[in-house]
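Good morning, everyone. Please look at the model on the screen while I talk.

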Amino acid sequence: MWILKKQGCILMATIIGTIKQIEKGQFFVQDSVKGEIKLLKEGDSLAQNDVLFGHMNNPKNAKIAVAILPLGKEIFVSAKSKVSFDKNFLEKIEEDMSSA
């Protein structure tokens, strides 16, 4: 978890994932606390409610691997996809794991 102080308020974000690998493209994250967009690199962290998305010019075979820390599972996001790492998304992954 990391803490950010913004305009006298303390905002917290729970780290839920780590970028493991990026192949053949560029991927970005819009952070859930400040709303800033940044280019991702291997080793970067994702917080709950962050939005990960691929560049619109990524080739079809571009993908990014994300280790989901609370679940011990690695997921892949492809080319131009967009994923919000919110509570519903995490619950769906957990559901998929229990039915496998």
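How many bridges join strand β4 to strand β7? Four, and the two strands run antiparallel. β4 covers residues 27-30, and β7 covers residues 51-54.

Some ground rules. This is a predicted model, where local features need pLDDT of at least 70, side-chain atom pairs count only at pLDDT 80 or more, and totals for chains, interfaces and linings use all residues. Residues are numbered from 1 along each chain as its sequence is written, and side-chain values use heavy atoms, with hydrogens and water left out.

Now the overall layout. The protein chain has ten strands and one helix. Read from the N terminus, the order is β-β-β-β-β-β-β-β-β-β-α. Helices (H or I, at least four residues) and strands (E, at least two) are DSSP runs, numbered from the N terminus. Two strands pair if DSSP finds at least two bridges between them.

Next, the totals. The chain has 100 residues, and 35% of them are buried. Buried means under 20% relative accessible area, with a 1.4 Å probe and protein chains only. The accessible surface is about 6,400 Å² (Shrake-Rupley method, 1.4 Å probe). Carbon and sulfur atoms hold 51% of that surface. Then contacts, meaning heavy atoms within 4.5 Å. Take those between residues at least 6 apart in sequence: 54% join residues at least 24 apart.

Back to β4. This strand also pairs with β5, antiparallel, over three bridges. There, Phe28 stands opposite Leu39. The β4 and β5 hairpin has six residues between its strands. Gly35 in that hairpin takes a positive phi near 80°.

Move to β3, residues 15-23. β3 pairs with β6 in the antiparallel sense, over three bridges. Thr18 has Ser45 in β6 as its bridge partner. β3 also pairs with β8, residues 63-68, antiparallel over six bridges. Gln21 and Ala65 are bridge partners there.

Is β8 mostly covered or uncovered? Covered: five of its six residues are buried. Six bridges join β8 to β9, residues 73-78, and those strands run antiparallel. Ala67 has Glu74 as its partner in β9. The β8 and β9 hairpin has four residues between the strands, and Gly72 takes a positive phi near 65°.

Last stop, the largest pocket. Its space is about 180 Å³. Eleven residues line this pocket, and the closest to its centre are Val29, Asp31, Lys38, Ser45 and Asp50. On a 1 Å grid over the protein atoms alone, a pocket is an open set of points where a 1.4 Å probe fits, with protein on both sides within 12 Å along at least five of seven lines; lining residues have an atom within 4 Å of a point. The volume is the space filled by probe spheres set on the points.

Which strand gives the most to the lining? β6, with three residues. β5 (37-39) and β6 (45-47) each supply at least two. By class, the lining has six nonpolar, one polar and four charged residues. Here Asp, Glu, Lys and Arg count as charged; Ala, Val, Leu, Ile, Met, Phe, Trp, Tyr, Cys and Pro as nonpolar; the others, Gly among them, as polar.

Notes: Buried means under 20% relative accessible area, exposed over 50%, partly exposed in between (1.4 Å probe, protein chains only).
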